[in-house]
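Subject: Structure handover

Hello,

Please find the structure below, with its sequence. My notes on what was found follow it.

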2 protein chains.
Amino acid sequence: MAVTAAACCAPIARAPLSEADAADLATLLKAVADPVRLRLLSMIGSHAGGEACVCDLTDAFDLTAPTISHHLKVLRTAGLIGGERRGTWVYYWIIPEQVARLGALFAPMTAPASA
Amino acid sequence: MAVTAAACCAPIARAPLSEADAADLATLLKAVADPVRLRLLSMIGSHAGGEACVCDLTDAFDLTAPTISHHLKVLRTAGLIGGERRGTWVYYWIIPEQVARLGALFAPMTAPASA
């Protein structure tokens, strides 16, 4: 059975996306649509102090360091994380504004009062 | 500069994702990480009555009917839309629970009161 308009509530279901917005959001979504990158994001964001060193991340994966670096670069290119070299290691942190763009797209909205 | 833990606020940044959860969410994200599928979702959700016929969707795209059908099938397989044939046409609607899973993952959360 069909869901009523009031129940279909996320912003993505409120108005047709433009081609430009859809292309832009698809690029951002592709960056997170990978299990390793999702885990990296969650590990970086939940690390003490809100940032993590590469040295904190690699042990959790059965992957080579260059593969982890590739995934971190994808996240960084998408603007989802920032990074900075300090001495031997590069440290990463989440950029909340980019994560919030995805949250806003899929966030439930309350049904209109007059629906 | 690093973002503080309090500012890094979406659930994805609160605790490391398990491998199983990350794989499951990546599958769902791959289904939406495409400009045509994002536009289809937004067109279906915002259509009058919360559902749309294939006949309402194809004109907006410079794509063949089989290509549109392929994208609708990907969304349906991911559980993001439901569909039902009525006479000549198949009608589609958004499944809000699946969209809400993505919203919950990336939703901003208020900083802890004691942070």
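In this predicted model, chain B has an open sheet of 3 strands in the order S1-S3-S2, with antiparallel pairing. Strand S1 (51–53) and strand S2 (81–86) of chain B are the edge strands, each pairing on one side only. Neighbouring strands of the sheet are turned by 25° against each other on average, direction ignored. Helix H2 (residues 35–46) of chain B packs on this sheet and touches S1, S2 and S3 of chain B. The direction of H2 makes about 90° with that of S3(B). S1(B) and S3(B) pair over 3 bridges, and B:Cys53 has B:Tyr91 in S3(B) as its bridge partner.

Helix H5 (residues 96–106) of chain B has several buried residues, among them B:Val99, B:Leu102 and B:Phe106. What covers the buried residues of H5(B) comes from both chains, including helix H5 (96–106) of chain A and strand S3 (89–94) of chain B.

Over all chains, there are 7 salt bridges. One of them joins B:Asp24 and B:Arg101 (2.7 Å, N to O). This pair links helix H1 and helix H5 of chain B, 77 residues apart. B:Asp24 is partly exposed at 40% relative accessibility, and B:Arg101 is partly exposed at 32%.

In chain A, A:Glu51, A:Glu84 and A:Arg86 are linked in a network of salt bridges. A:Arg86 has its closest N and O atoms 2.8 Å apart with A:Glu51, and 2.8 Å apart with A:Glu84. A:Glu51 is buried, at 15% relative accessible area, whereas A:Glu84 is partly exposed, at 30%.

Regards

Notes
Residues are numbered from 1 along each chain as its sequence is written. Chains are lettered from A and ligands numbered from 1 in the order in which they are written. This is a predicted model: local features need pLDDT of at least 70, side-chain atom pairs count only at pLDDT 80 or more; totals for chains, interfaces and linings use all residues. Side-chain values use heavy atoms; hydrogens and water are left out. Buried means under 20% relative accessible area, exposed over 50%, partly exposed in between (1.4 Å probe, protein chains only). Helices (H or I, at least four residues) and strands (E, at least two) are DSSP runs, numbered from the N terminus. Contact means heavy atoms within 4.5 Å. Two strands pair if DSSP finds at least two bridges between them. Axes are lines fitted to C-alpha atoms, for helices over the stretch in contact, and angles run from 0 to 180 degrees between N-to-C directions. A salt bridge is a side-chain nitrogen of Lys or Arg within 4 Å of a carboxyl oxygen of Asp or Glu.
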